[in-house]
Amino acid sequence: MRRFLPLLLLPLLTACPSEPTPEAPAGFPTVEGLVPLEDLDPTDGVVEYEMQMEKEDLELLEGQSTRMWTFNKLSPGPLLQANVGDRVKVHVTNQLDEPTTVHWHGLRIAAEMDGVVMGSLVAIQPGETFTYEFTPPEAGTFWYHPHVRSNVQVEAGLYGAFVVHEAPEMRPEVDADRMFVLDDVRLDSDGSIADHATAGMDIMHGRAGNVLLVNGSSDAPRVDMVPGSVERWRLVNTANARTLQLEFRGLEVREIGADAGLWPQAWVRTIDELELPVGARAELEVRLADGETQGEMNFVVLVSDGNGGVTDDAIQGVRVRPPGGELTPIGAAGHTADPTMRVPDRTMDDTVNQVVEFSGYNDNGDIVFTMNGRSWPDYDDWTVDRDEIQVIDITNDLGMEHPFHLHGQWFSVLGIDGDPVEQPGLRDTVLVRGFETVRIAASFENPGDWMVHCHILEHAEAGMMAMVTVRD
Ligand SMILES: [Cu+2]
């Protein structure tokens, strides 16, 4: 059964000028679309950031003010950047009135810096500052968000993107590098964030918003693209629950990477649509298609058909137009480097080492979500040795989707319901549809205690979380 989504409030799309992007901090290539944060430490190989988590009124819908929870008065928060192998320090001060953390989604860093609350790891209390320190071992597109009451805190605006730049010789040669943080939010008619339900469909399927946001704005951003030029687009889905269905019109799009960074050339493929589960990232190489001067990236959503049913509709996400004036492309080559990616040496035919079962039950009207029969903070013991590769079947006993997310490690997707699938690359998030079994191979290279959970935030908060210990 297809899921019914709340109808979208559609603001009138008015022509808005593309916004100038502030100067990139020294030492990093320019990534357009978000405000980059200033690196406070001029030393090469060291990056130091300061962030305040605080409330601020922002304009998501034109002419309406929304009280948001922000990083540095921004939602999405500022763009954090590092070069691969840099030492990163982020001083985070909690100016909210409840405990919080920052989780660095996708970064394979030390477990004690992962921003979760369990065992000896505690939240940042109101008024307190915590310094996260880590060294991103791999380049790619990542994101950050709290891991405490995440359904409420992320919906309120606490999320941002983190780019770890490749070594210069591995970077695609492009005319522009852009970040698009994609989200939905549910707003009341006065512009405030709607109250959170504690039961019913919002818990059952996760909370869907009624306004779609690209980089924090409901107004589709405009990209000025010279015909013949090539751009790198990085996409992140930061919604609480909505699996994004994207379509491209008038554009020639090649998928060049995913959660764990850029792919080798052999895996690159041309696409005209893309499914992006919550938490996941995509890397694209985008050109205007032959003979086209305009293009679009659209959200495909379900809306009412006016007769009691639903139908697909396309909502503009990004508009591509030719710029004014006489501009010529620089003739960039695009993604030509061939990074190596160490994919676990396992196939669909290998023995399954572990089963992770998503399920749930009704407890006197409250939905309790479980993994392997237990609901967080209770969990089933799961211990692996460092560098062990496990073939894992993720089974879904229920009718709704569960995007599986593993902290601190990466995996490859082997197949679905017994059939091999083409989801190249290494990932930290994979969508498991209703009553489906997804088989993955994970290489547990990063020691420590790691959370594993459904990334529909309402499901995670209702217990669909567990822990895996990687023994050194
Ligand atoms: Cu779920």
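Residues are numbered from 1 along each chain as its sequence is written. Because the model is predicted, local features need pLDDT of at least 70 and side-chain atom pairs count only at pLDDT 80 or more, whereas totals for chains, interfaces and linings use all residues.

**Overall fold.** The chain has three helices and 31 strands, where helices (H or I, at least four residues) and strands (E, at least two) are DSSP runs numbered from the N terminus. Its C-alpha trace spans about 65 × 55 × 50 Å along the principal axes. The radius of gyration, taken over C-alpha atoms, is compared with a globule rule of 2.2 Å times the number of residues to the power 0.38; for 472 residues a compact globule would have a value near 23 Å, and the chain, with 21 Å, agrees. Of the 472 residues, 46% count as buried, that is, 20 or more other C-beta atoms lie within 10 Å of their own, with C-beta atoms placed from the backbone.

**Domains.** The domain bounds below come from an automatic or database domain assignment.

| Domain | Residues |
|---|---|
| Domain 1 | residues 46–165 |
| Domain 2 | residues 176–321 |
| Domain 3 | residues 354–471 |

The C-alpha centres of domain 2 and domain 3 lie 25 Å apart, and 20 residues of domain 2 are in contact (C-beta atoms, placed from the backbone, within 7 Å) with 21 residues of domain 3. Helix 2 (201–204) and strand 14 (251–258) each supply at least two residues of the side of domain 2 that touches domain 3, and helix 2 gives the most, with three residues.

**Strand 30 and its partners.** Strand 30 (residues 448–454) is largely enclosed by the rest of the structure, because six of its seven residues are buried. Strands count as paired if DSSP finds at least two bridges between them. Strand 30 pairs in the antiparallel sense with strand 25 (residues 402–406) over three bridges, with His405 opposite His453, and also in the antiparallel sense with strand 31 (residues 465–471) over six bridges, where Met467 is the bridge partner of Met451.

**Buried residues elsewhere.** Ser218, in the loop between strand 10 (211–214) and strand 11 (222–224), counts as buried because it has 22 C-beta neighbours inside 10 Å. The C-alpha atoms of Ser218 and Gln316, 98 residues apart along the chain, are separated by 9.7 Å. Leaving aside neighbours within four places in sequence, Ile440 is in contact with residues including Ile392, Phe411 and Val430.

Methods. A residue is buried if 20 or more other C-beta atoms lie within 10 Å of its own, exposed if 12 or fewer, and partly exposed in between; C-beta atoms are placed from the backbone. Two residues are in contact if their C-beta atoms, placed from the backbone, lie within 7 Å.
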